[in-house]
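Please look over the chain shown below before reading the notes that follow it.

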Amino acid sequence: MNTHGIVFAVSTSLLAGGLAADNIEPRRWTPLPMGTTVLGAGVIRSEVDIAFDPVLQIEDATEETTTTVVSVIRAFDLLGQTARLDIRLPYKHSRWKGLLEGEPRSADRRGPGDPRLRLSVNFLGSPALRGREYRAYRASHPVNTIAGAALAVTLPLGEYQKDKLLNLGRNRFAITPQLGLVHARGPWSY
């Protein structure tokens, strides 16, 4: 198998595991008062076993990744509806171990991951309000359904070395449309 085939196989395997870990966002569609800025930081730790096609002669492969994410969220009014811009900046430390043609091998990488920008608009159940108006609206609507749409763009700015088989960045743009629906009933959201 040629080098391009191996790179594709490894990238596909790693990408599948990394997608779920990158999208952990409680209260993703919950509206915020206009003008609110939220700064956040979090750590995502994952340990996975990776199964390769036997033709690649890679066995007992594992990956351990720690991703530290810093994020900024800014709420604003877009045509009378609640909108927000999210910026997510990841820093990763990954270690891959396994047997290549029966010999122990490992790779260790530290550096920036691919940043992501997302613009979202709640188009139902969440008018653009500030401070007291926002609190009054939420208090008078304990049962509420919110629907929204977003467009996320992942930028290929993470650490990527084309001469390396394993990388922290994906070296490609990704555009992800999203739809969300949240039904709130008192303190509970579904």
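What follows is a short account of a predicted model, grouped by topic.

Of the 190 residues in the chain, 33% are buried.

**Overall fold and surface**

- When contacts between residues at least 6 apart in sequence are considered, 68% of them join residues that are at least 24 apart.
- The accessible surface of the chain amounts to about 11700 Å², and carbon and sulfur atoms account for 60% of that surface.

**Enclosed space**

- Rolling a probe the size of a water molecule over the atoms shows where empty space is left.
- In this chain, the count is 3 cavities of 30 Å³ or more, and the largest cavity has a volume of about 50 Å³.
- The lining of the largest cavity is made up of Arg28, Trp29, Thr30, Pro31 and Leu32, together with Thr82, Ala83 and Arg84, and also Ser120, Val121 and Asn122.
- Two strands, E3 (81-100) and E5 (116-124), each contribute at least two residues to the lining of the largest cavity.
- By residue class, the lining of the largest cavity comprises 5 nonpolar, 4 polar and 2 charged residues.

**Aspartate 86**

- Aspartate 86 is located in strand E3, which is one of the strands that supply lining residues to the largest cavity.
- Aspartate 86 counts as buried because its relative accessible area is 8%, whereas the cut-off for a buried residue is under 20%.
- The side chain of aspartate 86 makes a polar contact of 3.2 Å with the side chain of arginine 84, and arginine 84 is itself among the residues that line the largest cavity.

**Arginine 172**

- Arginine 172 sits in the loop that runs between strand E6 (143-154) and strand E7 (174-185).
- Although arginine 172 and leucine 155 are separated by 17 residues in sequence, their C-alpha atoms are 7.1 Å apart in space.
- Leaving aside residues up to four places away in sequence, arginine 172 touches Thr154 and Pro156.

Definitions and conventions:
Residues are numbered from 1 along each chain as its sequence is written. This is a predicted model: local features need pLDDT of at least 70, side-chain atom pairs count only at pLDDT 80 or more; totals for chains, interfaces and linings use all residues. Side-chain values use heavy atoms; hydrogens and water are left out. Buried means under 20% relative accessible area, exposed over 50%, partly exposed in between (1.4 Å probe, protein chains only). Contact means heavy atoms within 4.5 Å. Accessible areas come from the Shrake-Rupley method with a 1.4 Å probe; for residues, only the protein chains shown count as cover. On a 1 Å grid over the protein atoms alone, a cavity is a set of points where a 1.4 Å probe fits but cannot get out, and a pocket is an open set with protein on both sides within 12 Å along at least five of seven lines; lining residues have an atom within 4 Å of a point. Grid points are joined across faces, edges and corners, and a volume is the space filled by probe spheres set on the points. Helices (H or I, at least four residues) and strands (E, at least two) are DSSP runs, numbered from the N terminus. Ala, Val, Leu, Ile, Met, Phe, Trp, Tyr, Cys and Pro count as nonpolar, Asp, Glu, Lys and Arg as charged, and the others, Gly among them, as polar. A polar contact is a pair of N or O atoms within 3.5 Å; within protein, one must be able to donate a hydrogen and the other to accept it, and residues adjacent in sequence count only if both atoms are side-chain atoms.
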